[in-house]
Amino acid sequence: MAHKRSGGGLSTAQQAAKFLGVSVLAGVVLAGIALPAAGALGLSAKGTAKGFDDLPGELKAPALSQASKILDADGGLIATVYSRDRTVVPIDQMSPNILKAIVDIEDARYYKHGALDLKGILRALSHNASDGGTQGASTLTQQYVKNVFVEQAGDDPDKVAQATEQTVGRKIKEMKYAIQVEKELGKKKILENYLNITFFGEQAYGIEAASERYFSVHAKNLSLTQAALLAGLVQSPSRYDPVNDEQEAMNRRNTVLARMAQLGDITPAQSAAAQKQPLGLKVSKPRNGCITAVNGAGFFCDYVRETFLQNAAFGKTKEERAQRWNTGGLTIRTTLEPKAQRALLHGISEHVYKSDAIAAADTMVEPGTGKIIAMGQSKPYGFGKNETQINLSVDKSMGNSGGFQNGSTFKPITAAAALDAGYQPSQTYPSPYKLDTYPDVTTCSGQTLHYTDVGTQNEMTTEVGPYSMPDALKHSINTYFVALEHDLGLCPIMNMASRLGFVRADGKPLQEGAALTLGVNEVSPLTVASAYAAFANRGVYCTPIAINAVTDSHGKQLKVPHTICSRAMSQKTADTLNSMLKGVVDDGTGTAADLPGRDTAGKTGTTDDRKDAWFAGYTPSLASAVWMGDPFGAGPHGTRLTMKEHNGVPIKIGPESFDKVEGATGPAPIWKDAMSGALDGTPAENFVTVQLPGSAPKGGDQGGNQGQGGDQGATQGTGQGPGGGDNKPGGGHGHGHGATVMGATTGLITGGAAGGVTGGTAGGTTAGATAGTAGASGGGTTDGSTGASWPPLLPSGGKGNGGTA
């Protein structure tokens with residue numbers, strides 16, 4: 001605050017202010033010619049008119065921040081999001097009542113003066129020079145300019161403080177730009193802009209948002225009393241807030257009404273009658289952000305926001321994208337299909353309650369387009385009890401979830417890599433119930449990983465091989481897939497995973513190791529669903545997308561990111577994999593997910609200690625992945641809960657109690673209910689399937705069938721591996737992966753005539769008993785020594801070239 005000098009004279013600031021008043025009255029400011037001692041005014045130290053002249057010549061008003069609308073695929077509103085809750089409307093969509101009220105109370109001489117009200121400035125400067133205060137003398141045009149500065153400051157508190165500081169220097173800037181604005185826009189447009197930019201309290205910017213907030217009406221329908229209340233708010237939205245202080249707001253409203261009568265815009269009788277009326281509030285709560293999303297789409301809404309902020313399609317830099325989002329006025333048409341979204345939420349809620357410690361999440365993806373058509377979870381979007389803002393369906397960068405180990409839902413990726421590398425569905429391994437240690441595996445860098453004390457086992461002790469690939473998938477045989485991984489090497493599997501968009505949710509590279517095929521990397525349901533959509537799409541992977549179209553506040557279409565589709569595996573591989581995964585649902589671990597009347601394929605997954613359970617599956621037209629587990633570490637010391645009984649007490653999830661949860665019992669029923677609803681009324685489509693080898697019988701004395709290294713090899717002219725070549729007529733050299741069965745003796749019994757070997761007995765690669773004789777047509781050598789260090793894991797005959805052992 002300025003102080004008088006010790007002799008009763010004016011301070012330097014007061015003298016400058018008084019001199020400024022004289023200059024203004026003389027028209028100096030209007031001419032832009034001379035201003036005094038700018039140091040006291042906060043302009044410059046030049047002491048000449050140049051301080052004024054050096055201000056930028058044009059006021060570049062930013063685009064006003066407006067609300068954006070996020071719509072579903074049908075055009076229905078999902079949520080309204082905004083940095084500023086504002087809807088810009090033209091002046092002809094504003095009630096005449098508000099146009100009169102705002103002018104009467106804020107700038108009664110608005111239509112009589114220019115950009116600056118010289119009488120008002122002199123009056124204010126004289127007052128301020130007397131007591132050192134900062135009495136306002138701003139015209140509506142100056143107020144508009146100040147609000148432009150505030151809008152430019154955005155949410156930066158330092159810039160906002162600079163834009164609103166009570167200094168003569170800021171007033172000078174307002175004057176300079178007010179002159180320019182008045183010349184360029186004229187009174188009517190300035191009034192329109194002012195009413196669209198001004199803050200009215202309760203998060204409402206602009207007259208349209210304020211009308212809807214306080215009275216639930218449009219600005220064009222404001223009554224006299226409503227308009228008077230809103231006009232009165234502008235001076236101090238917090239002080240006169242009718243929601244928090246009704247009496248103070250009424251006093252201010254009545255002041256406005258009295259002023260309107262005094263100026264002749266209404267009669268004294270109208271003013272008196274209006275002042276007796278109640279405020280008549282009909283307040284609508286601020287509805288900003290994804291927390292307001294309908295149909296449980298809050299997490300999807302958040303994903304759309306993150307997509308916008310992180311994708312270069314919406315701006316080259318992070319700052320540019322944020323500015324565009326915060327400016328708003330966007331209409332974002334998304335891929336979310338409301339019917340599928342409702343079905344997904346229903347499927348989850350029928351099996352998992354939001355109050356459960358265990359949660360479930362599901363994401364649906366359309367094969368061939370990458371469109372995310374539904375996304376949801378059992379923990380609702382919000383800040384309350386049993387609510388969260390962590391999106392369990394997506395990666396950490398998009399929703400703050402670290403992902404979850406996906407267990408055996410990874411095995412089809414290993415199978416796809418093997419098929420693409422030339423392995424056949426008839427590929428068979430002894431697959432014992434348990435392995436004390438993993439076999440060595442080779443990484444992409446050529447490093448051999450050796451394990452000495454870490455092993456794995458199958459789910460049940462009765463699961464003892466040998467198994468072929470279809471049965472190994474059908475029953476989720478761990479020891480089969482680590483054997484396949486050992487033969488194949490990690491690199492083809494890693495490459496297949498990469499082509500399928502399979503990434504860790506935390507953004508780190510996939511971890512290579514012997515347990516890779518068992519799904520030890522933490523991934524998101526969206527990642528799994530998108531990979532399985534590639535299976536349904538006959539081997540073509542499409543990147544997931546959530547946005548169909550975006551228009552800005554002027555109706556201009558913006559470019560949006562499109563899905564990128566690329567072939568991840570051969571069509572034959574995909575068709576073969578689909579045929580095998582169809583068997584998982586038909587009569588394997590996934591029967592609980594079977595959709596009657598529809599071709600359905602999928603895979604269950606359950607991790608160690610039952611911390612995570614999955615079902616990922618698909619029809620030709622829709623893929624979905626359901627995860628279940630403890631997302632937040634609700635157990636002792638923050639450890640994650642396991643989904644099994646504890647001290648004999650079953651675990652309660654939703655309406656059911658479980659001794660133990662696995663992919664088949666927890667997620668699969670959710671998947672079935674959700675997919676049934678999503679696909680209801682759509683035509684049933686069929687997979688393109690291939691003929692698969694029959695299940696390998698146990699303890700028998702004959703080999704496989706359907707010409708895969710068995711008796712029919714002669715008639716079909718097809719044999720595989722050591723039992724008959726590499727799927728070429730008459731045999732030839734094979735990779736050593738024949739379809740064989742375990743005999744009653746300790747040896748491996750291989751069946752076949754031409755195209756295979758005639759029944760001999762092999763005592764195993766280490767026993768080195770009797771080798772079978774080469775088939776009449778198949779020809780070849782016997783070589784049972786390869787891979788002797790891993791007899792339990794090797795296919796029959798090891799890796800012989802066209803022979804068996």
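Predicted model: local features only at pLDDT ≥ 70, side-chain atom pairs only at ≥ 80, totals over all residues.

Start by selecting Pro430, which counts as buried at 13% relative accessibility; buried means under 20% relative accessible area, exposed over 50% and partly exposed in between, with a 1.4 Å probe and protein chains only. Pro430 is in the loop between β7 (428-429) and β8 (434-435). Helices here are DSSP runs of H or I with at least four residues, strands are runs of E with at least two, and both are numbered from the N terminus.

Residues are numbered from 1 along each chain as its sequence is written, and side-chain values use heavy atoms, with hydrogens and water left out.

Next, select helix α17 (residues 411-420). Of its 10 residues, 9 are buried, so α17 is largely enclosed by the rest of the structure. Among the buried ones are Lys411, Pro412, Ile413 and Thr414. Show the surroundings too: the buried residues of α17 pack against α18 (469-474), α19 (478-488), α20 (490-499), α21 (525-536), α22 and β18, where contact means heavy atoms within 4.5 Å. Just after α17, Gly422 has a positive phi of about 105°.

From there, move to the sheet. It is open and has 5 strands in the order β5-β4-β20-β19-β18, with antiparallel pairing; two strands pair if DSSP finds at least two bridges between them. The edge strands, β5 (372-377) and β18 (601-606), each pair on one side only. Helix α22 (residues 571-587) packs on the sheet, where it touches β18 and β19 (612-619), and its direction makes about 65° with that of β18. Such angles run from 0 to 180 degrees between N-to-C directions, and axes are lines fitted to C-alpha atoms, for helices over the stretch in contact.

Within the sheet, pick out strand β4 (residues 359-365). β4 pairs with β5 over 5 bridges, and Thr363 has Met375 as its bridge partner in β5. Towards β20 (residues 622-629) there are 7 bridges, and Ala361 stands opposite Trp627. In the β4 and β5 hairpin, with 6 residues between the strands, Gly368 has a positive phi near 90°.

Now select Asp85, in the loop between β2 (77-81) and α4 (96-106). Asp85 is buried, with a relative accessible area of 11%. Its side chain makes a polar contact of 2.3 Å with that of Arg213 and one of 3.4 Å with that of Tyr82. A polar contact is a pair of N or O atoms within 3.5 Å; within protein, one must be able to donate a hydrogen and the other to accept it, and residues adjacent in sequence count only if both atoms are side-chain atoms.

Finish with helices α11 (residues 246-262) and α12 (residues 268-275), which pack at about 170° with their axes 8 Å apart. That makes α11 roughly antiparallel to α12; angles under 35 degrees count as roughly parallel, over 145 as roughly antiparallel, 65 to 115 as roughly perpendicular and the rest as oblique.
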